[in-house]
Each structure stands twice: as C-alpha cells, then as structure tokens.
Amino acid sequence: MTVSRIRVEGEAPYDVVIGADVLGELPGLLGPGVRTVAVVHPASLPEIARPVCGAIEAAGHEVVPLPVPDAEQAKTVEVAAQLWSAFGRYGVTRSDAVVGVGGGATTDLAGFAAATWLRGVKVVQVPTTLLGMVDAAVGGKTGINTPEGKNLVGSFHPPAGVLCDLTTLASVPRDDYVGGLAEIIKGGFIADPAILALIEDDPEGARFPEGRHTRELIERKVRIKAAVVGADLREGGVREILNYGHTLAHAIERVEDYRMRHGEAVAIGMVYAAELSRLDGRIGADVVDRTRSILTSVGLPVSYRRDAWPQLRDHMRLDKKSRGAKLRFVVLDGLAKVSPLEDPPEALLEAAYEEVAR
Ligand SMILES: NC(=O)c1ccc[n+]([C@@H]2O[C@H](COP(=O)([O-])OP(=O)(O)OC[C@H]3O[C@@H](n4cnc5c(N)ncnc54)[C@H](O)[C@@H]3O)[C@@H](O)[C@H]2O)c1
Ligand SMILES: O=C(O)C(=O)C[C@@H](O)[C@H](O)[C@H](O)COP(=O)(O)O
Ligand SMILES: [Zn+2]
C-alpha cells in the first residue's frame, strides 16, 4: 500500500502521513535533537502503544509511556495535571516531545498537555480511530472539557506531524468507527460533495476499514481539514466551517455527560444545522433529506429527545462561536456553500429543533 503525505501549511508546516504499517515514519516526524518522548495513550490500549514505543526506542530516544483514562474521561484538568507532574518527574524539556496515541480524546488531551507544558513543547499525533485520523489529530485544536461544557479550555498548538497507520483501524469498535464517518460526511456537505457520492455508492462498506472507498474518504477529508487549518489556524474566519453541526452537538454531549460519542452528536447537530438552513430559506428540503438519509444509511442518529431543548438551549450559550449573548451557527447556502448565521431568532431555533425532536 502506498504512503500518502498531505502537507498542512501555516507558520510551522507539517505532514499528515497516511498508510499501512507506517510506524517507521515516526522518528522522521519527531525530528532531530529529541531525547525524551512521553507517549500519552489510553491505559486500555497497551497493544497499540507498545509498537509505537518500540519504534521510538529503536530510533535511540528515551521513552516514557504515560497511560491515561479511556475516551472522554481523559479530557479533564485532573488528568492534564497528572501529565504535567509526569513531564516534570521524567524531565521533559523544550527539546523533548510528546506523542499522543489513541482516539481524538487522547490526542486532544496530549496536544493540550504539550501546548501548556513549558508554554509549549513538540507534539506528534498518532491517531488510531477514524475520527482521530480525519479530524481531531490534524489542525492543532487541543483541549479538555470543564463541568460547564465541551472543549472550553484549550489552545491552538499544531503538531510537528501526524501519523495515520491504517492498520490500527481494524480493532476500532464498530460504533466508534461509524462515529468517525460523521466528520467525513460533514466534509462532504461543507466542502467536497464527492465524499457524499462515495458513501452513497456503498454505505455498508463505509462502515468498515476494508470498505472499497475507505482510503479515498480518509484522504479527501484530511485534505479539506489541511487546507482550512493551513489557511486559518486560530479560527479567525474560514476555520469556522469545520464547526458545522457542532453548536448543538456539543450541547448534546454535555447533556449526555459525555457518554454519547462525539460523532453521533455531530450527526444530530448536522441535521439541526441543515433544518436551520432550510427554515431560513437558504437550502431546499432535498439537502436536508440527503443529510438524514446518508447519516441513517451508515447507522448514525438523526434525532434527539424533545424534552432536552431547554437544557440544550442553555448549553449552546457557551459555544465558542457565540459573541456576547448572540449565538452564531454555521449553515449551508447549498452543497459546499457555507455561511455564518448570526443571532437567529428564538422562534427559528425552536422550529428547527422541533424537526429534530422525537
Ligand atoms: N481537536 C479537534 O479538532 C477535534 C476534532 C474532532 C473531534 N475531536 C474530539 O475527538 C474526540 C472523539 O474522538 P474519537 O471518536 O476518536 O473517540 P475516543 O478518543 O473516545 O475513542 C473512541 C474509543 O476507541 C478506543 N480506541 C482508540 N483507538 C482504538 C483502536 N485502534 N482499537 C480499538 N479501540 C480504539 C478508545 O480507547 C475509545 O474507547 C472528542 O473528544 C472530540 O471532541 C477533536
Ligand atoms: O478543527 C476544527 O476547527 C473543528 O471545529 C473540528 C471539529 O470537528 C472538532 O470537534 C473541534 O474540536 C470542535 O471545536 P470547538 O472549537 O467547537 O471546541
Ligand atoms: Zn467534531
């Protein structure tokens, strides 16, 4: 299988390397002069962390394996503080590096710990879920949750490289894998409708790493993300499009106490954003129907509890796109045509939720 390298431009350009059995590329991404490498990984995935540690050790670095709690439980200030203590104990300096191995939750945490330790040390991300590869590990958004909401603390800290070893996808639980499809489908609606056609061509295959179009879907989504974050790292403009569906999604995750997968919440959030776009007169029912049908075809949810609306509305206040009391949504004016929707009337917000509610 070939190895692809997708460049992310910006102040400090880096590569997203994609292929099977590509761990040999890791020392090159770490670069010269690194002595100690802290490998942050879920405690539940020792079999995935071990070869990563082995590849780093074989290149002559000193490896410090740092297991953290699984999934969203890792994205807390307590776990970040444990990493800071470990970095101190093991002497991680500004010429050393952190490697994040795992799903998006682990790479978000590892990136955040690296961004804040000594005001910023090098991080290389090794995503091992579909969602991590196509979204979380690329682009330098790092963060943790607080009791008030999702990703409320974090920083923009681009990695020095991202290594997507496609062989790791084989063991990802089906529902977690399918969650990653939500972020790929998001890419289809906001930038590259060819993604939608590929999934519609083989929705069952899309649910598996060995699917006919998997490699192309991954690369198309990574290219979208690389182009957007390369142009606007700090979300001053175009990067906001990557937040399509996320205003409601993050509120749902908060209501669910982070027990719902991010991708599942994003799927519901995209239906909501599509309904907002339709009710605001921007798109026809065809795009909304396509949203529901493609999400359903791969097994993603498209509705949420009616009685949760007051709580969801309250949590949306703290969305990072809000400006003062004014909410801001990312909406569609058509396929691959994205706009901000500022300060929508409450009646519109409620009417769109009524279309999502069950
Ligand atoms: N920073 C960003 O730009 C960005 C973008 C999108 C999502 N995110 C964040 O990413 C997170 C979601 O990521 P996710 O969907 O990868 O979830 P996750 O990190 O919770 O991983 C899902 C599950 O899969 C397990 N797992 C990981 N790799 C595995 C493998 N190869 N084999 C078997 N099990 C494996 C994990 O241990 C976990 O239980 C959310 O916190 C979300 O906010 C961040
Ligand atoms: O990279 C981005 O920018 C995104 O918005 C990608 C999202 O898929 C991702 O979930 C991100 O973490 C959400 O960011 P937030 O700023 O709304 O927390
Ligand atoms: Zn997301």
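Student: How many nonpolar, polar and charged residues does the shell around ligand 1 have?

Tutor: Good place to start, and keep in mind that this is a predicted model. Sorted by class, the shell around ligand 1 holds eight nonpolar, 16 polar and nine charged residues.

Student: Which of the residues around ligand 1 come nearest?

Tutor: Out of 33 residues around ligand 1, the nearest are Ala71, Gly103, Gly104, Ala105 and Thr129. Now look at the elements behind the shell: α4 (104-116), α5 (130-136), α6 (174-190) and α11 (262-279) each give two or more residues to it.

Student: From which domains does the shell around ligand 1 draw at least three residues?

Tutor: From each of two: domain 1 (4-171) and domain 2 (174-356).

Student: And ligand 2, which residues surround it?

Tutor: Around ligand 2 you will find Asp135, Gly139, Lys141, Asn151, Glu183, Glu235, Arg239, Leu242, Asn243, His246 and Lys320. The class count for that shell is one nonpolar, four polar and six charged residues.

Student: Let's turn to the domains themselves. How many residues of domain 1 are in contact with domain 2?

Tutor: One general point before the count: the size of an interface is often expressed as the accessible area lost when the parts come together. Here we count residues instead: 30 residues of domain 1 are in contact with 26 residues of domain 2. On the domain 1 side, β1, β2, α5 and β8 (149-156) are the elements that give two or more residues. Of these, α5 gives the most, with five residues. By class, that side has 15 nonpolar, nine polar and six charged residues. As for spacing, the centres of domain 1 and domain 2, taken over C-alpha atoms, are separated by 25 Å.

Student: Now the sheet. In what order do the seven strands come?

Tutor: The general idea is that strands of a sheet pair through backbone hydrogen bonds, either parallel or antiparallel. In this model the open sheet runs β1-β2-β9-β6-β5-β3-β4, with mixed pairing. Its edge strands are β1 (4-8) and β4 (62-68), each pairing on one side only. From one strand to the next, the twist averages 20°.

Student: In which sense do β3 and β5 pair, parallel or antiparallel?

Tutor: Strand β3 (residues 36-42) and strand β5 (residues 97-102) are parallel, with four bridges.

Student: In which sense do β1 and β2 pair?

Tutor: β1 and β2 are antiparallel, over five bridges, and Val8 stands opposite Tyr14 in β2. The two strands form a hairpin with five residues between them, and Gly10 in the turn has a positive phi of about 130°.

Student: Which other hairpins can I look at?

Tutor: Strand β7 (residues 141-146) pairs with β8 in the antiparallel sense over five bridges, and Lys141 has Phe156 in β8 as its bridge partner. Lys141 is also among the residues surrounding ligand 2. Another hairpin is that of β10 and β11, with two residues between the strands, where Ala336 takes a positive phi near 60°. Six bridges join strand β10 (residues 328-334) to strand β11 (residues 337-342), and these run antiparallel. In that pair, Val331 has Ser339 as its bridge partner.

Student: Which strands does α4 lie across?

Tutor: α4 lies across β3, β4, β5 and β6 (122-127), and runs at about 170° to β5. α9, in turn, lies across β1 and β2 (14-19), running at about 20° to β1.

Student: At what angle do α6 and α9 cross?

Tutor: The axes of α6 and helix α9 (residues 214-231) cross at roughly 60° and come within 10 Å. The crossing is left-handed.

Student: Which residues of α6 and α9 meet?

Tutor: Glu183, Ile184 and Gly187 in α6 meet Leu217, Arg220, Lys221 and Ile224 in α9. By class, this contact has three nonpolar, one polar and three charged residues. Look again at Glu183: this residue is also one of those surrounding ligand 2.

Note on methods:
Residues numbered from 1 in each chain as written. Chains lettered and ligands numbered in written order. Predicted model: local features only at pLDDT ≥ 70, side-chain atom pairs only at ≥ 80, totals over all residues. Near = placed C-beta within 6 Å. Nonpolar A, V, L, I, M, F, W, Y, C, P; charged D, E, K, R; others polar. Domains from an automatic or database assignment. Axes fitted to C-alpha atoms, helices over the stretch in contact; angles between N-to-C directions. Left-handed = near helix turned anticlockwise from the far one by under 90°. Contact = placed C-beta atoms within 7 Å. Pairing = 2+ DSSP bridges.
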